[in-house]
Amino acid sequence: MSEAAFDSGVRSSRPLGRLADGTVFHVPIGVMQIDVEHARCHLCGDWFRSVGAHLRAHGWDRAGYREAFGLERSQPLEGRATRERRARAMERRRRDDPAVRAGCEVGRQWAATGRLSRLAASAARGRRQPEQRRRKTLLTLAAIPPRVRHEAAGRASVARLRAVAQRAADDAGFADVGSLVRSRLTDGGSLAGLSRAAGLHKDWFSRHLRTVDPDTAREVAEMVSGPRPPRHDAELSRRIRGFDDVGAFLRRRHLVEHRSVRAIAEEVGMSRYAVTAAMERHGVTLTPHVTVRTAARDHAGRVADTHGFADLDAYLRDRREAGWSWRRIADECGRPPTWLRRHAGPTVR
């Protein structure tokens, strides 16, 4: 916040803390306390019409003061009345002083051509954001609903990706990224080679083409669709027993026998990543924690069968309606109370 409201009758000079170099300060970092006539000095806690003019008494300059106390470069260091008087004086100078008029005209030309914005951005690049600006940013973000912030961040991310893709197309002499990708793939190239040629990570186009150019991404998917060359499954085919087809083997182990990727990898003597890639090639849906979940379902079924119920929920509902505690049910069925609660359906209380 650029100006802090306060009770003008209470002006405590008690220090608030010290800077890293030991300098005492009396006003919070990132805050400039200002009233109609006066502004408060961070260094001594006193009030002055112009803190900027007062800084000479401390041996400080305005730029160093703003940087030390987290103030923006545009933050005024005087009371509002003093600022208004100076603004009126500057209006007269702009009207009557030829040198000031000439300088203002240069500023207007720079603003109209965008040069002023570019110079400001260049000057701010790499400079640490002052605490005052950080506070303003947080206040602004707090007023924006999270959904709106996420949508804006998504749009900004897509815009950055499209700008990178367009630069790659421009550097290669193409009008757009779609033309670049089609040309390279038609000539026998790959998305990985295209990414490297553009100075990007080898997977950049594979990951982001669907975002920057959905139509081209669909065309590429159609170009590379169809059965994979046998070489992708050659090693795995040599390691499986009793199956002629890798896809059938993976479906049997994972979807029917409920074995985990780790267990399948140990069986065939390959890495989990190789098994996962093979499952993706053959359209075998990966089920996380399949072994644990299957074992839990089996345990639940045995508990229900042992006590003559169709499923675990029916068993638990019967016992709870009879007034049994979770501990008593656990003692009866031999499963921990926490396990029973975790696997109980929403209708069981």
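Helix α2 gives the most to the lining of the largest pocket, with four residues; helices (H or I, at least four residues) and strands (E, at least two) are DSSP runs, numbered from the N terminus. This is a predicted model, in which local features need pLDDT of at least 70 and side-chain atom pairs count only at pLDDT 80 or more, while totals for chains, interfaces and linings use all residues. Residues are numbered from 1 along each chain as its sequence is written, and side-chain values use heavy atoms, with hydrogens and water left out.

**Largest pocket**

- The volume of the largest pocket is about 570 Å³, a volume being the space filled by probe spheres set on grid points that are joined across faces, edges and corners.
- On a 1 Å grid over the protein atoms alone, a pocket is an open set of points where a 1.4 Å probe fits, with protein on both sides within 12 Å along at least five of seven lines, and lining residues have an atom within 4 Å of a point.
- The lining consists of 18 residues, and those nearest the centre of the pocket are Glu67, Leu71, Arg128, Gln129 and Pro130.
- Two or more lining residues come from each of α2 (62-68) and α6 (131-142).
- By class, the lining holds seven nonpolar, two polar and nine charged residues; Ala, Val, Leu, Ile, Met, Phe, Trp, Tyr, Cys and Pro count as nonpolar, Asp, Glu, Lys and Arg as charged, and the others, Gly among them, as polar.

**Whole chain**

- The chain has 19 helices and four strands.
- Its radius of gyration is 35 Å, well over the 20 Å that the globule rule gives for 349 residues, so the chain is more spread out than a compact globule.
- That radius is taken over C-alpha atoms, and the globule rule is 2.2 Å times the number of residues to the power 0.38.
- Along the principal axes, the C-alpha atoms fill a box of roughly 95 × 70 × 35 Å.
- Of the 349 residues, 28% count as buried; buried means under 20% relative accessible area, exposed over 50%, and partly exposed in between (1.4 Å probe, protein chains only).

**Helix α4**

- Helix α4 covers residues 98-113, 16 residues in total, and spans 23 Å from its first C-alpha to its last, close to the 22 Å expected at 1.5 Å a residue.
- The expected span is 1.5 Å times one less than the number of residues.
- At the start of α4, a side-chain oxygen of Asp97 comes to within 2.9 Å of the backbone nitrogen of Ala99.
- Just after α4, Gly114 has a positive phi of about 90°.

**Selected residues**

- Phe205 belongs to helix α10 (residues 204-212) and is buried, at a relative accessible area of 0%.
- Between the C-alpha atoms of Phe205 and Arg14, 191 residues apart along the chain, the separation is 60 Å.
- His258 sits in the loop between α13 (246-256) and α14 (261-268) and is partly exposed at 24% relative accessible area.
- Phi of His258 is near 60°, a positive value in a residue other than glycine.
- Most residues other than glycine have a negative phi.
- Ala263 lies in helix α14 and, at 29% relative accessibility, counts as partly exposed.
- Arg272 is part of helix α15 (residues 272-281) and is partly exposed at 40% relative accessibility.

How values were computed. Polar contact = N/O pair within 3.5 Å; in protein donor to acceptor, adjacent residues only side chain to side chain.
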